[in-house]
Amino acid sequence: MSRAPKTPANSLPDLHCPCANLRRAARLVTQLYSREMGAAIEPPQFALLTALNTRPGASQSPLGRALGLDKTTMSRNLKLMEKNGWIIPSDSEDKRERGYHLTPAGQKILTATKPGWSRAQTKLRTAMSSADWETMSEIIGRVTEAAQSALQTND
């Protein structure tokens, strides 16, 4: 006779909806990273600064596609980060859009928050088995691709 796997007493119920379950997981993971990174910057802003750090001069559209952000959210985040003095607009290859670069202040906040990001990464990774960590990464990639594909269908 096989036994059902044990679950922690505080395990969360299945919400019977992939969207609700993924959003809950994303919120909890965001809370962990936010707590470890401190109040100076939010995890989505950290992701955007990191993307600009690796793609200097990138414009809004490719950044939005890379991060899965709609145009309005992307525009709002870029304006906030520009207001905070973390990025500056610049010319881009596509003359219809501005590119963005990190300012020294943006580089400073990114550097200052990387240790907190690393702590959150370590805490999450430690709370999972190595196999689960790898599986999570693979599944998130497949879910992302499936959602992009589903969005492109005209049913």
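Visitor: Are α2 and α5 parallel or oblique to each other, and why?

Guide: First, the ground rules. This is a predicted model, where local features need pLDDT of at least 70, side-chain atom pairs count only at pLDDT 80 or more, and totals for chains, interfaces and linings use all residues. Residues are numbered from 1 along each chain as its sequence is written, and side-chain values use heavy atoms, with hydrogens and water left out. Now the pair. Helix α2 (residues 43-54) and helix α5 (residues 104-126) pack at an angle of about 120 degrees, and their axes lie 10 Å apart. Axes are lines fitted to C-alpha atoms, for helices over the stretch in contact, and angles run from 0 to 180 degrees between N-to-C directions. Under 35 degrees counts as roughly parallel, over 145 as roughly antiparallel, 65 to 115 as roughly perpendicular, and the rest as oblique. Therefore α2 and α5 are oblique to each other.

Visitor: What is the handedness of the crossing of α2 and α5?

Guide: The crossing is left-handed. That label applies if the near helix is turned anticlockwise from the far one by less than a right angle; clockwise gives right-handed.

Visitor: Which residues make the contact of α2 with α5?

Guide: From α2 come Phe46, Leu49, Thr50 and Asn53. From α5 come Gly106, Gln107, Ile109, Leu110, Thr113, Lys114 and Trp117. Contact means heavy atoms within 4.5 Å. By class, that is five nonpolar, five polar and one charged. Ala, Val, Leu, Ile, Met, Phe, Trp, Tyr, Cys and Pro count as nonpolar, Asp, Glu, Lys and Arg as charged, and the others, Gly among them, as polar.

Visitor: Why are α2 and α4 called roughly perpendicular?

Guide: α2 and helix α4 (residues 71-83) pack at about 85 degrees, with axes 11 Å apart. So α2 and α4 are roughly perpendicular to each other. Gln45, Leu48 and Leu49 of α2 touch Met74, Asn77, Leu78, Leu80 and Met81 of α4. This contact has six nonpolar, two polar and no charged residues.

Visitor: What makes α3 and α4 roughly perpendicular?

Guide: Their angle is about 110 degrees, with axes 10 Å apart. α3 and α4 are therefore roughly perpendicular to each other. Their crossing is right-handed. Gln60, Leu63 and Gly64 in α3 meet Lys71, Met74, Ser75 and Leu78 in α4.

Visitor: How many helices and strands does the protein chain have?

Guide: Six helices and two strands. Helices (H or I, at least four residues) and strands (E, at least two) are DSSP runs, numbered from the N terminus. The order is α-α-α-α-β-β-α-α.

Visitor: What volume does the largest pocket have, and what lines it?

Guide: Its volume is about 2,100 Å³. A pocket, on a 1 Å grid over the protein atoms alone with a 1.4 Å probe, is an open set of points with protein on both sides within 12 Å along at least five of seven lines; lining residues have an atom within 4 Å of a point. Volume is the space filled by probe spheres set on the points. The lining has 37 residues, with Ala26, Thr30, Leu67, Ile140 and Thr144 nearest the centre. α6 gives the largest share, 12 residues.
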